[in-house]
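Subject: Structure for your review

Dear colleague,

Please find below the structure that I am handing over to you. My findings follow it.

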Amino acid sequence: MKTIVYLMAAVCFLFMSVSAGYSQSAASGALIKLPEPKYDGNVSVEKALKERRSVRVYKDSPLTMAEVSQILFAAQGVTEPGRGLRTAPSARAQYFLTVYLFAGNVTGLKAGMYRYVPAGHALAVVAEGDIKGKLYKAAGQSPIQKAPAVLLIAGAEDKAAANTNWMYFEAGHAAQNVYLQGVSLGLGTVVMAGFDAEAVGKAVSMPANEKTLYIMPVGKK
Ligand SMILES: Cc1cc2nc3c(=O)[nH]c(=O)nc-3n(C[C@H](O)[C@H](O)[C@H](O)COP(=O)(O)O)c2cc1C
């Protein structure tokens, strides 16, 4: 009798795992602490501005967790923990953005979709597997397929309802930070907005209130 109960429990567990869709080897929501970002570098702001270019072709080599950490910090890292202020400005410090990381080839990080958590500088697991492939299919731009990692900057439309421009402006600030940080690290990126945001949101199961504003593939130049 006991064996039958155990067997039924195992079958139920298997069914639930498969019906959940994505690979669930790390629980959705599990937090991965990122390495501490560096607050100094070898490239001046002036040089980074001079050299910033949209880069759509990347070396076939992995990104490190240190590079991912630095890029995410540039996009939305907390710089004043007391007030929760970040690297990019935000109208009334309301922070309309969420940055997602789609990892394909990042050393020490499973392929999958992750949400950047600015407070605590961590990644929350959204789903494991080739979600970057789904993003590429929905957005249809080849740098997404080839890049080892891709950022997606989403805006909370409900939170920004009073003035949706604010979330677009904020995305511009965050994206430019990523471009400049990329120059300093020898990484290339490009902002992309030429896609069907609704199709992209559906393909990667974004929360209903979040609109995809920018997609930024990132890779070594
Ligand atoms: C709002 C916006 C949308 C863009 N969308 C795309 C895009 O969908 N795909 C792409 O490859 N580049 C895109 N770009 C990048 C531009 O093509 C690029 O910035 C422009 O050619 C100037 O080159 P530079 O960034 O190297 O100075 C976009 C840029 C902006 C500002």
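The expected span of a helix is taken as 1.5 Å times one less than its number of residues. Please note that this is a predicted model. Helix H6, residues 165-185, contains 21 residues, and the distance from its first C-alpha to its last is 31 Å, close to the expected 30 Å. Directly after H6 comes Gly186, which has a positive phi, near 75°.

For context, the protein has seven helices and nine strands. Of its 221 residues, 37% are buried. Among the contacts with a separation of 6 or more, 73% are between residues 24 or more positions apart.

The surroundings of H6

H6 has a number of buried residues, namely Met167, Glu170, Ala171, Ala174, Ala175, Val178, Tyr179, Gln181, Gly182, Val183 and Leu185. These buried residues pack against two helices, H2 (45-51) and H3 (65-76). They also pack against four strands: S4 (97-103), S7 (149-156), S8 (187-189) and S9 (210-220).

The packing of H3 and H6

The axes of H3 and H6 lie 7 Å apart, and the two helices pack at an angle of about 145°. The crossing of H3 past H6 is right-handed. On the H3 side, the residues that take part are Glu67, Gln70, Ile71, Ala74, Ala75 and Gln76. They meet Ala174, Asn177, Val178, Gln181, Gly182 and Leu185 in H6. Sorted by class, this contact comprises six nonpolar residues, five polar residues and one charged residue. Several of the H6 residues named here are also on the buried list, including Ala174, Val178 and Leu185.

Glu51 belongs to helix H2. Is Glu51 exposed or only partly exposed? Glu51 counts as partly exposed because 13 C-beta neighbours lie inside 10 Å, whereas a residue must have 12 or fewer to be exposed and 20 or more to be buried. Between Glu51 and Tyr179 the C-alpha to C-alpha distance is 9.8 Å, although 128 residues separate them in sequence. Tyr179 is one of the buried residues of H6.

The ligand

Which residues surround the ligand? They are Arg53, Ser54, Arg56, Gln141, Val190, Val191, Met192, Ala193 and Gly194. By class, this shell holds four nonpolar, three polar and two charged residues.

Yours sincerely

Conventions:
Residues numbered from 1 in each chain as written. Predicted model: local features only at pLDDT ≥ 70, side-chain atom pairs only at ≥ 80, totals over all residues. Contact = placed C-beta atoms within 7 Å. Axes fitted to C-alpha atoms, helices over the stretch in contact; angles between N-to-C directions. Left-handed = near helix turned anticlockwise from the far one by under 90°. Nonpolar A, V, L, I, M, F, W, Y, C, P; charged D, E, K, R; others polar. Near = placed C-beta within 6 Å.
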